[in-house]
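Please consult the sequence and the 3D view shown below.

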Amino acid sequence: MNFTFRISLFIISVLASSMLYSQDFLVSGNVTDSQQNPVSFANVVLLSVTDSTAVKGSTTDNKGLFEIKNVSSGSYILKTSFIGFKAVYQNISVENNDIQLNNIVLEESAESLEEVSIIAKKPTVKKESDRLVFNVENTALSEGNVMEVMRSTPGVLVLDGSLSVKNATPTVYINDRKVQLSSSELMNLLEGSPASSIKSVEVITNPGAKYDATDGIVINIVMGKNLITGYRGTVFSNYTQGVYPRYNAGTTNFYKNNKINVFASYSYNNDKIARVSDEQVNFIDNNDAIYERWESNFDRTTKSQTHTINTNFDYFINNNNTLSFSSNLLFLPKFDYKINGQTNVFDPSYNPLYNFDNTNNSSDNKHNLGFDLDYVSNLNNGSKLSLNAHLTTYDYNRDQKVNSNYYFPDSNLNFSNAFETVSKQNTLINTAQADYSLPLSENTGSLSFGVKGSFVNTDSEINQYSIINGNPSFDPNNSNAFDYKENVLAAYSEFDKSWERWDLNLGLRVEQSDIEGKSIVTNNTLTQDYFNWFPTASLSFQASEKISVYSNYKRSIKRPDYQSLNPFRFFLNDNTIVAGNPNLQPALTDHFVVGGSLNYSFFVEAYYKDIQSNFMELPLQDNDNNLLIYTPTNLESTIDFGFDFLAYFNFTSWWNVYFATSFYNIEEQARINGSLLKMDTWSNYSEWSNSLSFLEDNSLSFTFTLVYISKNQQGFQIVDAQLYSDLAIKKTILNKRGSISLSAGDLFNQQDYKVRAKYLRQDNSRFLNIDNRYVKLGFSYKFGNTGLETNQRTKDKSERDRLEKSDN
């Protein structure tokens, strides 16, 4: 808190200095047409005399009046424009007083407004040395929501409620600010956010040193900016029919004048989702022979209600200094989780031994509240200083009731078992960060560096009660409490340089991590203290106008989420357990890439990843006690290498295609129950996406995507091949203020898959039938000044990523 207090004092001192030494003026006037009628919502923008870049701007009110406040002394070009009229340019000079301009008259252009045809642009793809940039501004995709943009972004997959890039879960940023939500929370945010303000999506496969060391792959959503003042709003709603109906609705609102930006959004999601799994476990004796075969069917239904509120307030102290406050608030008052299971037990010859059924009813509630204070100063020498302080408070509670009934082979009841579990997690995160960037000579390079400190405290507990004769009895063997503290101090420096045909980036990030975990029941304390270096490097060469080659390298770290570190055994039923691992170590990755592009349309890459201590949740059999335990486990090493080919081109002016294919090999090595295990598998990933536009104004769009993933390996488990298919049709209406959409997923019913694990004394499999076949109808409507872009941002708190694992 002392660090945050010092930042606040620094901000106050800078603000005071800025207000003492800056003196700004007012430029005002009025705009009419040739008939002396006032022109409302005309754009009035001050441009730099040297390079014609926009400096400040405003719009006219209903009477054609405008004011541009806080204008610094100097010479400018004043541009006044409105659709259907010729733009007017005039030179003005702001000296030592406010300026009241004479009446500005706009003349109609040769084409009347009714004859103007606005043609939407096509999405374009640009491949840089460390990222793929997907430009969607003013395209048909901008009429939908952010989730639809994600589905259309090359290389990005939406798999079972989460995003995936190159077999990894990416970190999502908005305007270089990290989105700190779980997978389901992130899906709600993306689906409830309109895409009209998106400029581009950057898929960064090797992020630089300024990104957290935990960011192996980054998706950065770049929002457009606009100097126009005024108010803009959007309302939207979607109805989805899967196995069960589900819907979401919400609104976004944005207001801007010369001193403030205000953004606020609210979305509500009401979901009911089904999933069926058929599972088989062969328990093996000490002679490596099967002694019991278990075949189970589980029918799971989840119901949830989610409220998400995002706010952002920017105060422009003057041209160079901005103070911002933002919040991301998520409330989950209801998450009901119900599983009905039936298990049949056989001997090795499939003769029935006994069977049992079980029910698992749980009810969750949680809140995830994040707050940020930012200060940004653009200094006179072209450098930039950014300060940030962050607070997250997270509270999670679950009440669970489990009941099992065991039967003889003749279906007569043998006995019953029941228990209840109460668990909770409370987490408090504080972070403070400072970044400084400095341009080098002749604007051909830059130097940047920064520091960050994060301080995490989380308290978790689980209490289990056996139900005996209808009464709960405390079970100390399956109850525990865990206190966890994590402090990470980081610093980085990054150097960029361009000359002739070369571009170079070098970076280094260092982090010191101090971790302490204490089990309250056993009084065991675990400590980790480690220091790591994280270098980054990127080099590209423009061999000719159409050919470029590049190479890059990054070292990153993946820390376990807080729930995975809890030393708890959470029983889903009598024989299936989810267990934490307080001894889990972070994973370190070295990632190398070399590639080239031809004509900015065809790209070829080769990559190599060496991951030490990679960890993942494995289903491990306890053959002596007939248990299947899902627990996060460190592997000794994972080697992932492959070759990628990408192509993006236009067949016609109304049809563009993206195609990608990747052939890759994953090799994993670990010690399981004292035995060394090594496996590797070659796999293929291929994607084919088509975007088509129809009608003269391109107001009708059509998108069809196919993704094929061959048999692949994940944590010594073999996952069967899958085919993903999505179709979306969209039409803008109501003078392009509204849009309706119809989409469908998993058209060919090929997304369900089987997972098999068969090695050493492990022999189990699962077939997952997921609720991913759907038809969705959506509607959105924009009101107010629809020429505006929002300043929606979600703040950078990497520690919040690990509050909870992806919702299953």
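## A buried partner: D590 and R555

D590 counts as buried, at 15% relative accessibility; buried means under 20% relative accessible area, exposed over 50%, and partly exposed in between, with a 1.4 Å probe and protein chains only. The side chain of D590 meets that of R555 in a salt bridge, at 2.9 Å from N to O. The two residues link distant parts of the chain, R555 lying in strand β29 (residues 547-558) and D590 in strand β32 (residues 587-598), 35 residues apart. Strands (E, at least two residues) are DSSP runs, numbered from the N terminus.

## Basis of the model

The model is predicted: local features need pLDDT of at least 70, side-chain atom pairs count only at pLDDT 80 or more, and totals for chains, interfaces and linings use all residues. Residues are numbered from 1 along each chain as its sequence is written, and side-chain values use heavy atoms, leaving out hydrogens and water.

## Salt bridges overall

Side chains of opposite charge can pair when their charged atoms come close. A salt bridge is a side-chain nitrogen of Lys or Arg within 4 Å of a carboxyl oxygen of Asp or Glu. By this rule there are 10 salt bridges. A network of salt bridges links D212, K452, R509, E511 and R559.

## Two further pairs

R398 and D364 form a salt bridge whose closest N and O atoms are 2.8 Å apart. R398 belongs to strand β23 (residues 384-407) and D364 to strand β22 (residues 352-378), so this pair ties together parts 34 residues apart in sequence. R398 is buried at 14% relative accessibility, and D364 is buried at 4%.

D336 and K334 also join in a salt bridge, with 3.9 Å from N to O. D336 is partly exposed, at 25% relative accessible area, and K334 is partly exposed at 32% relative accessibility.

Conventions
Helices (H or I, at least four residues) and strands (E, at least two) are DSSP runs, numbered from the N terminus.
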